[in-house]
Structures are given as structure tokens and as C-alpha cells.
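Keep the sequence handy and look up each residue as you go.

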Amino acid sequence: MKTKALLGLSLLFITLMAGCSSDNEKNDEPIVEPVEFALSNFTNTGCKSTMSAPRRSMEANEYFELKATKDGGLYVKHVNATFNCASSKFKAEASLEGQTIKVTELDATRAEVMANCVCPYDLGYILGPLKEGATYNMTIITTTELTPEQEAMRWRADKMETTFTFTYSLDFDDVFPVRYEGETEI
């Protein structure tokens, strides 16, 4: 009698397990949550060295290093981004519309504490995810964030903008020089 009960329970267990595995076989593809485009891992080096005016200097060429990450992202390093030498707070915002990436790098230091000098900073961040084989137009704007009071007094912040195009791949690794309006290649 015990043997029949044990055999019955074993058959029931096998049937239940077969039912579970057949459900999984119907869903061959794993469930993957969509990942939204974002900017992450923002860093800055702090002031590398102090320079007097003019704002840009030949000794400190400014450029962007772009390199694909293993997980479909893009590491961006803005080398020698020029900001006020009293700057201590930075942030960045990014958006993706179609194949256009727009990044705004902001000096978030209050303008009333600014000094009469500039220095280069290296800013770094990761954008993504991006699509393998897709061609992107990327615009990076570098500016100073104004307080609401400064905006009400119609203060203006310098906005430097550079744009370039690239095709993303997992082995992408390139350098883009910064050319602001009115500058020519040397």
C-alpha cells in the first residue's frame, strides 16, 4: 500500500514539474525591462591649473574623448573644459530624441563667488544605452547655471556649444576637438 501511495505521489510530482517546464518553454525569450537613456557616473577633476584671460588658451587644447562601454553605454570625457577657477560644483543633464543626443554641462557654482581667472577641468560621464550601428548627432553645451535672481536681473551666462556626429559600436573609441563658433582649425 505504501508503495502505491509513494508511486502516486511521485507521478503527481513529475506531472507538476512537467507542467512547469512546459510553461517556461512557451516563453523562450527572457523578460527584459526597457532601459531609459540616462547620464550617469558624473565626475570632475577639479581645477587642473589657473590661467588668466583670454578664456581659451593654445596650451590647453579642449577635446572630447568618447569610448563605448561593455554594456552599450558611451563614456564621455571632456578634457580641459574651461570654467572659472573658483568653480566647485558641476552637474550635467542629457536627453535623447531620435538619433540626437543633447548634453548640457553646467557650472553650478554661484556667480557671486566667481574669481577673475579660469582653469581647465576634466569632466566625465556615461551616456546610454545606445544602439549598435546607429549614427548619432551629439551637441554638448557648456555653461554656467544662474540663480533665479540672476536671471531676473537678466544676467547672461556664456554658452559654448560644439556638435559632432558618430556611429556607435561596442568597439567605438574616438577623439573630437572642440570648435566653438568663430574658431578655425589650426
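The numbered points below go from the overall layout to single residues.

1. **What you're looking at.** First thing to keep in mind: this is a predicted model. The chain holds two helices and nine strands. Starting at the N terminus, the order of elements reads α-β-β-β-β-β-β-β-α-β-β.

2. The chain has 186 residues, and 35% of them are buried. Its exposed surface comes to about 12,300 Å², with carbon and sulfur atoms supplying 54% of that. Now for who touches whom: take the contacts between residues at least 6 apart in sequence, and 73% of them join residues at least 24 apart.

3. **The largest core.** Which residues have the most contacts inside the largest nonpolar core? They are Leu-66, Val-76, Ile-101, Met-138 and Phe-166, in a core of 21 residues. Strands S2, S3, S5, S6, S7 (135-144) and S8 each put in at least two residues. There is also a second, separate core of eight residues, with Phe-83, Phe-90, Cys-119 and Tyr-121 among them.

4. **Phe-166 up close.** Pick out Phe-166 and look around it. Setting aside neighbours within four places in sequence, Phe-166 is in contact with a list of residues that includes Leu-66, Ile-101 and Met-138. Other contacts of Phe-166 include Leu-74, Leu-130, Tyr-136, Phe-172 and Phe-176.

5. **Two disulfides.** How many disulfides does a search of the whole structure find? The search turns up two. As a reminder, a disulfide is a covalent bond between the sulfur atoms of two cysteines. Count the bonded cysteines in sequence order and the pairing comes out as 1-4, 2-3.

6. **Cys-47 with Cys-119.** In this disulfide the S to S distance is 2.2 Å. Cys-47 lies in the loop between strand S1 (38-44) and strand S2 (63-68), while Cys-119 is in strand S6 (residues 118-128), so the bond ties together parts 72 residues apart in sequence. Are the two partners buried or exposed? Cys-47 is partly exposed, at 35% relative accessible area, whereas Cys-119 is buried, at 0%.

7. **Cys-85 with Cys-117.** Here the S to S distance is 1.6 Å. The torsion about the S-S bond is about 40°, so this disulfide is right-handed. Cys-85 sits in the loop between strand S3 (74-84) and strand S4 (90-97), and Cys-117 in the loop between strand S5 (100-107) and S6, so parts 32 residues apart in sequence are tied together. Cys-117 has a relative accessible area of 18%, and it counts as buried because the cut-off is under 20%.

8. **Two salt bridges.** The whole structure also has two salt bridges. In one of them, Lys-48 pairs with Asp-122, with the closest N and O atoms 2.8 Å apart. Lys-48 is in the loop between S1 and S2 and Asp-122 is in strand S6, so the pair ties together parts 74 residues apart in sequence. Lys-48 is partly exposed at 39%, but Asp-122 is buried at 11%. In the other, Asp-173 pairs with Lys-67, with closest N and O atoms 3.3 Å apart. Asp-173 is exposed at 51%, and Lys-67 is partly exposed at 44%.

9. **Leu-123.** This residue is in strand S6 and is buried, with a relative accessible area of 2%. Where is Lys-77 relative to Leu-123? Their C-alpha atoms are separated by 5.7 Å, although the two are 46 residues apart along the chain. Beyond residues up to four places away, Leu-123 touches Lys-77, Val-76, Phe-83 and Phe-90, among others. Phe-83 and Phe-90 belong to the second core from point 3.

10. **Thr-162.** To finish, find Thr-162 in strand S8 (residues 159-167). Thr-162 is buried, at 5% relative accessibility. Its contacts, leaving out neighbours within four places in sequence, are Phe-64, Met-138, Thr-139, Ile-140, Pro-177, Val-178 and Arg-179.

Key. Residues are numbered from 1 along each chain as its sequence is written. This is a predicted model: local features need pLDDT of at least 70, side-chain atom pairs count only at pLDDT 80 or more; totals for chains, interfaces and linings use all residues. Side-chain values use heavy atoms; hydrogens and water are left out. Helices (H or I, at least four residues) and strands (E, at least two) are DSSP runs, numbered from the N terminus. Buried means under 20% relative accessible area, exposed over 50%, partly exposed in between (1.4 Å probe, protein chains only). Contact means heavy atoms within 4.5 Å. A disulfide is a pair of cysteine sulfur atoms within 2.5 Å. A salt bridge is a side-chain nitrogen of Lys or Arg within 4 Å of a carboxyl oxygen of Asp or Glu. Accessible areas come from the Shrake-Rupley method with a 1.4 Å probe; for residues, only the protein chains shown count as cover. A nonpolar core is a set of buried Ala, Val, Leu, Ile, Met, Phe, Trp, Tyr and Cys residues joined through side-chain atoms within 4.5 Å.
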